[in-house]
Amino acid sequence: MSPDRIRSLRRGVLTLLVVAAAYEAIARSGYFAPALMPSLGTVAQTLVNSILDGSMLHHAAATLYRVVIGFGLAVTVGLPLGVAMGRFRPVEHFVLPLSSALMPIPSLAWVPVFILWFGLGDTVTILIVFYAALFPMLLNTWTGVRSVNPIWLRAAGAMGANERALFWKVIIPGASPFIITGLRQSFLRSWIAVIGAEMLAGSDWGLGWVIFDAKEFLDTDVMLASLIVIGCIGFITEHLVFGSIERATIYRWGMARAAKG
Amino acid sequence: MYDVVDQLASPPLRVDAGPLRRATRNAFPFVVVGALWEAVAHLGPFPAQFFPSLETVAATFVRLTLNGVLPHHALDTLIRLSAGFALAALAGVTIGILMGRSRRAEDILLPLVSIGAPIPGLAYAPLFLLWFGPGNVSSVVLVAFVSAFPIIYNCWTGVKAVKDIWLRSAQAMGADDRRLFRHVILPGALPYILTGLRLGLAQAWRILVAVEMLAAVPWGLGWLIFGAQEFLNTDVMLAGIAVIAIIGLALEKLVFQPIENFTVVRWGMMS
């Protein structure tokens, strides 16, 4: 490590320590009620306890289940539809006006309507995640397919590629930087949407629900512990999952420049 | 890290038809969906209270607009949006530029920003409600807090992306710090800063409606929709969503796209 990096690291660690100490000092000074501002020790203890007795894992599993189903649905609908929009004009003409009208509506605005239609529970949350994840997926795929260099298509066609080979060997790799950006954005949106939807349409389990529920009982330590879990899951998916997908596809196909867009 | 590039610039639409044909082509999908909706509303198994026909929604929309309820809700939402976004822009641009310019500031602030950013903004909502109490203060502060992250990231990246050789040549030609900042760094980083502001505003808009539902504010479109749920007023909810869609579209057409066009045309550097 260069001395420069060591200094950065030292300063970073120092900042975190100072902030933690300041928080601890305010929490212990008694200026705010301990119920509103629990000390870091309490938060850590709550976090460990809730992981050990399995409740936090259950909450996280419920949230992840909703995200995965909703996100999966959005990809199964958005990806083929986006490709179809990019390849066939009538599909584009039909879907594009609808999606530009629906896209500016934040997904969470639909929560009360969906609650009336489908009742409280998983259906609402999954549909909200689906709504939030669909548009980034759709529009990025569409853009990606249209940005495939027409010369590649004609060259492949001239070399006798049929529609299927064209699709798998030219269009999908060519559009992949955009598709992967779409996956990433969709997942981010789903992750935000699921927390909000769980708060508003709470069932019994879920990280968003537990935060909101803890507020009723002034269990600030539970809220902070769940925030930590939410942050960790977000960080892991962003850096490990999508980072490795990117390395395995875009970089391998030598399209990193396009993806940086 | 989060939302640095939200929407890739899309290639221009192929324009190949007269304005009238384009208008009919754009209207066609809405006519189809509207007809389906009407069919379900009139013939379907759902009670009219849950699934109102379009003319009921339109009538509610007109009634609520004329008696001033919808404009009042919309105005309050817009005020919150601008207040929160203004705070975020001020803090975000300052922090971002500071982080880009000073190594010390970067070392100190980056760990904090990287910890705060991956948590979805709404997860903080209950905490903010506890700390600041329900109402306007929490919702504005929360919106500002959440939309500041993309602004910070983009300003930071933008200042860092200013070419070293520009800085050195300006310095060699005798620019002092202030002129260096005004004439080299700021124009160089501006496309990123504008992208950051655009993303921040989009972020603010996406969570504001939900924040209004949670924060129990007296007026606001989110609250209108959420409150209408209690009384099963689906027509009011859908009218509220229509207003949300109109505001969202207006933001998109009047704010985001001009900014994007402006930067692309002027600098040609947003690839």
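Predicted model: local features only at pLDDT ≥ 70, side-chain atom pairs only at ≥ 80, totals over all residues.
Student: Let's turn to one residue. Where is L232(B)?

Tutor: You'll find L232(B) in the loop between α9 (221–230) and α10 (234–267) of chain B.

Student: Why is L232(B) called partly exposed?

Tutor: Good one! A buried residue needs 20 or more other C-beta atoms within 10 Å, and an exposed residue has 12 or fewer. L232(B) has 13 C-beta neighbours inside 10 Å, so L232(B) falls in between and counts as partly exposed.

Student: What makes L116(A) and Q49(B) contacts of L232(B)?

Tutor: Two residues are in contact if their C-beta atoms lie within 7 Å. Leaving aside neighbours within four places in sequence, L232(B) is in contact with L116(A) and Q49(B), so both pairs meet that cut-off.

Student: How far apart are L232(B) and F50(B), in sequence and in space?

Tutor: They are 182 residues apart in sequence, with 7.1 Å from C-alpha to C-alpha. Across chain B, among contacts between residues at least 6 apart in sequence, 73% join residues at least 24 apart.

Student: And how many helices and strands are there in chain B?

Tutor: Chain B has 10 helices and zero strands, and 39% of its 271 residues are buried.

Terms used. Residues numbered from 1 in each chain as written. Chains lettered and ligands numbered in written order. Helix = DSSP H or I, 4+ residues; strand = E, 2+ residues; numbered from the N terminus.
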